[in-house]
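Here's a quick briefing for anyone opening this structure for the first time. Have a look at the picture, then work through the points below.

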Amino acid sequence: MKSQLCSNRLTFTKLALSDWELIRSIYSNPTLMAHIGSTMSEEAIRSNFEKELAPWSTDATHWLTWIIRETDTGNDIGLISICTRDRDKLTAETGFILLEAAKGKGYATEALTCIMNFAATTYGFQKFTAVCSEEHIASRRVLEKAGMTLDKIVPDSTEINGKMVNDCFYSLER
């Protein structure tokens, strides 16, 4: 598997040991986690991080994660991941988190489109899914701009910071 991919403005590098501080800062940041879930303890972040460093294939149960960087500056701007959800129909769930300074520039849509194209071509994924809270309008727009369609909204599906939120389930078939 390629350890680096590129889109028009972004470079994607497979998660490496040197990315620990970025990952720790993302998953312990209440603002970045506001629509995803509660902030995580350093121990939980470390456990997930170590799993995601392992070799990946469509049979893996952990996420394949890339760090997203601006190609021009080399600045870290977030992460994007895929995880196999159905091996028979080769379905991958996608997820992404961008740092505050990178939001509103079209980076998330560019990243999601690039990674889905790569995963379809390289691994043969036929379907992509994503879940986000109903109130997270920016993420919903990104999913729709990348070609995903809203399949259903499930009321009171996920607890985020002590509050039950509705989840939106999106998909895109190739």
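Asn 29 counts as partly exposed, because its relative accessibility is 25%. Keep in mind that this is a predicted model.

**Around Asn 29**
- You'll find Asn 29 in the loop that sits between helix H1 (20-27) and helix H2 (30-33).
- Leu 99 is 70 residues away from Asn 29 along the chain, yet their C-alpha atoms are separated by 9.9 Å.

- In soluble globular proteins, nonpolar side chains tend to be buried together.
- Here, the largest nonpolar core takes in 37 residues, and Phe 12, Trp 66, Ile 80, Ile 82 and Phe 125 have the most contacts inside it.
- Back in the largest core, Phe 125 is one of the residues with the most contacts. Leaving aside residues up to four places away in sequence, Phe 125 touches a whole set of others, among them Trp 56, Ile 82, Leu 90, Ala 119, Ala 120 and Arg 174.

**Helix H4**
- H4 is 17 residues in length and spans 23 Å from first C-alpha to last, close to the 24 Å expected at 1.5 Å a residue.
- Twelve of those 17 residues are buried, so the rest of the structure largely encloses H4.
- The buried ones include Tyr 107, Leu 112, Cys 114, Ile 115, Met 116, Phe 118 and Tyr 123. Glu 110 is also buried.

**The E7 and E8 hairpin**
- Strand E7 (residues 149-160) pairs with E8 in the antiparallel sense, over eight bridges.
- Lys 152 has Phe 169, in E8, as its bridge partner.
- Two residues lie between the strands of this hairpin, and Asn 161 takes a positive phi near 50 degrees there.

**Salt bridges**
- Side chains of opposite charge can pair when their charged atoms come close.
- Searching the whole structure turns up nine salt bridges.
- In one of them, the side chains of Asp 19 and Arg 69 meet at 3.0 Å, N to O. Asp 19 is in the loop between E2 and H1 while Arg 69 is in strand E3, so this pair ties together parts that are 50 residues apart in sequence.
- Asp 19 and Arg 69 are both buried; for Arg 69, the relative accessibility is 18%.
- Arg 69 also has a salt bridge with Asp 76, at 2.7 Å, N to O. Asp 76 counts as partly exposed because its relative accessibility is 32%.
- Another salt bridge joins Glu 100 and Lys 103, whose closest N and O atoms are 3.0 Å apart. Glu 100 is partly exposed, with a relative accessible area of 45%, and Lys 103 is partly exposed at 38% relative accessibility.
- Through shared partners, salt bridges link Asp 19, Arg 69 and Asp 76 into one network.

Definitions and conventions:
Residues numbered from 1 in each chain as written. Predicted model: local features only at pLDDT ≥ 70, side-chain atom pairs only at ≥ 80, totals over all residues. Heavy atoms only, no water. Helix = DSSP H or I, 4+ residues; strand = E, 2+ residues; numbered from the N terminus. Buried < 20%, exposed > 50% of the residue type's maximum accessible area, 1.4 Å probe, protein only. Core = buried A, V, L, I, M, F, W, Y, C linked by side-chain atoms within 4.5 Å. Contact = heavy atoms within 4.5 Å. Pairing = 2+ DSSP bridges. Expected span 1.5 Å × (residues − 1). Salt bridge = Lys/Arg side-chain N within 4 Å of Asp/Glu carboxyl O.
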